[in-house]
Amino acid sequence: MKTLETVYDEEIREAITVLSKLLQASELSSEFSRAAEAMIECCRNKKIIFIFGNGGSAADAQHFAAELVGRFEVERHALPGMALSTDSSALTAISNDYGFQSVFSRQLSGLGSTGCVAVGISTSGNSKNILDGLKQAKSMSMSTILMRGALPGTCDDFADIILSAPSSRTSRIQEVHGLWIHVLCGMIERSLQLS
């Protein structure tokens, strides 16, 4: 049986290995820059960045929106970020009336517009409500961004930009997504300060 110290060491080593792969992926770096540029343009045009996910990815969506509306590291005006997993009345009403698959697409239909950005977060890349949300956003001429794990999924077809964490393990994928959220917030803040 492994000791707790052994488990700790293995988990940290695996996390470091996954994070190291991010520096070696030039295609990912290019996609990441495109994602940041889309969000910066959205903020400049006073449109909304909508972020949505399930479970831990819902928490990531809320974290991202909070950093945009509040602040990340720089004192500045509020930026337009909204997590679609936070309105319990909308979530339960839409789930009850239309099914859980529609919880994000229905909100985007009512709140979104051309020029907004929709960021779907799904570790598997196959969540049906993320798929429907991205599909709805694309039909409304929003920029669509998908954060997922290493494996392609059904959501890929409706994402303009795919940010693929180099792991198939949920915990490692979510750690990468959390890092990306912080990097994106820093890039957005710096770019808007310079303009």
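Are F32 and W180 buried or exposed? F32 is buried, and W180 is buried as well. The points below start from these two residues and then go through the rest of this predicted model.

1. The F32–W180 pair. A search of the whole structure gives 2 aromatic pairs. In one of them, the ring centres of F32 and W180 are 6.0 Å apart and the ring planes meet at 45 degrees, so this pair is tilted. F32 belongs to helix α2 and W180 to helix α7, so the pair ties together parts that are 148 residues apart in sequence.

2. The F52–F104 pair. F52 and F104 also form a tilted aromatic pair, with 5.2 Å from centre to centre and 35 degrees between the planes. Strand β1 holds F52, while F104 is in helix α5 (residues 103–111), so this pair ties together parts 52 residues apart in sequence. Both F52 and F104 are buried.

3. The largest nonpolar core. This core has 36 residues, and the members that touch the most others are M39, I49, I51, V119, L163 and W180. Among the elements that give it two or more residues are the helices α1 (4–24), α2 (26–44), α3 (56–69) and α7 (170–194). The strands β1 (49–53), β3 (117–121), β4 (143–148) and β5 (161–164) are also on that list. Helix α2 supplies the largest share, 9 residues.

4. Surroundings of W180. Which residues is W180 in contact with, leaving aside its neighbours within four places in sequence? They are L22, L28, F32, M147, L163, S164 and A165. F32 on this list is the partner of W180 in the tilted pair of point 1.

5. Cysteines. How many disulfides does the model have? The count is 0. A disulfide is a covalent bond between the sulfur atoms of two cysteines. The cut-off applied here is 2.5 Å between the sulfur atoms. For C116, the closest cysteine sulfur is that of C42, at 5.5 Å, which is too far for a bond. C185 is in no disulfide either, and the nearest cysteine sulfur, in C43, lies 9.5 Å away. C116 counts as buried because its relative accessibility is 2%. C185 is buried too, with a relative accessible area of 2%.

6. Positive phi angles. K46 is not a glycine, yet its phi is positive, about 55 degrees. K46 sits in the loop between α2 and β1. With a relative accessible area of 71%, K46 is exposed. S141, also a residue other than glycine, has a positive phi near 60 degrees. The loop between α6 (128–139) and β4 contains S141. S141 is partly exposed, at a relative accessible area of 48%.

7. An exposed leucine. Where does L23 lie? L23 is in helix α1. Why does L23 count as exposed? Its relative accessibility is 82%, and the cut-off for exposed is over 50%. The C-alpha atoms of L23 and D60 are separated by 22 Å, and these two residues are 37 residues apart along the chain.

Methods: Residues are numbered from 1 along each chain as its sequence is written. This is a predicted model: local features need pLDDT of at least 70, side-chain atom pairs count only at pLDDT 80 or more; totals for chains, interfaces and linings use all residues. Side-chain values use heavy atoms; hydrogens and water are left out. A nonpolar core is a set of buried Ala, Val, Leu, Ile, Met, Phe, Trp, Tyr and Cys residues joined through side-chain atoms within 4.5 Å. Buried means under 20% relative accessible area, exposed over 50%, partly exposed in between (1.4 Å probe, protein chains only). Helices (H or I, at least four residues) and strands (E, at least two) are DSSP runs, numbered from the N terminus. Contact means heavy atoms within 4.5 Å. Rings of Phe, Tyr and Trp (its six-membered ring) pair if their centres lie within 6.5 Å; planes under 30 degrees apart count as stacked, over 60 as edge-to-face and the rest as tilted.
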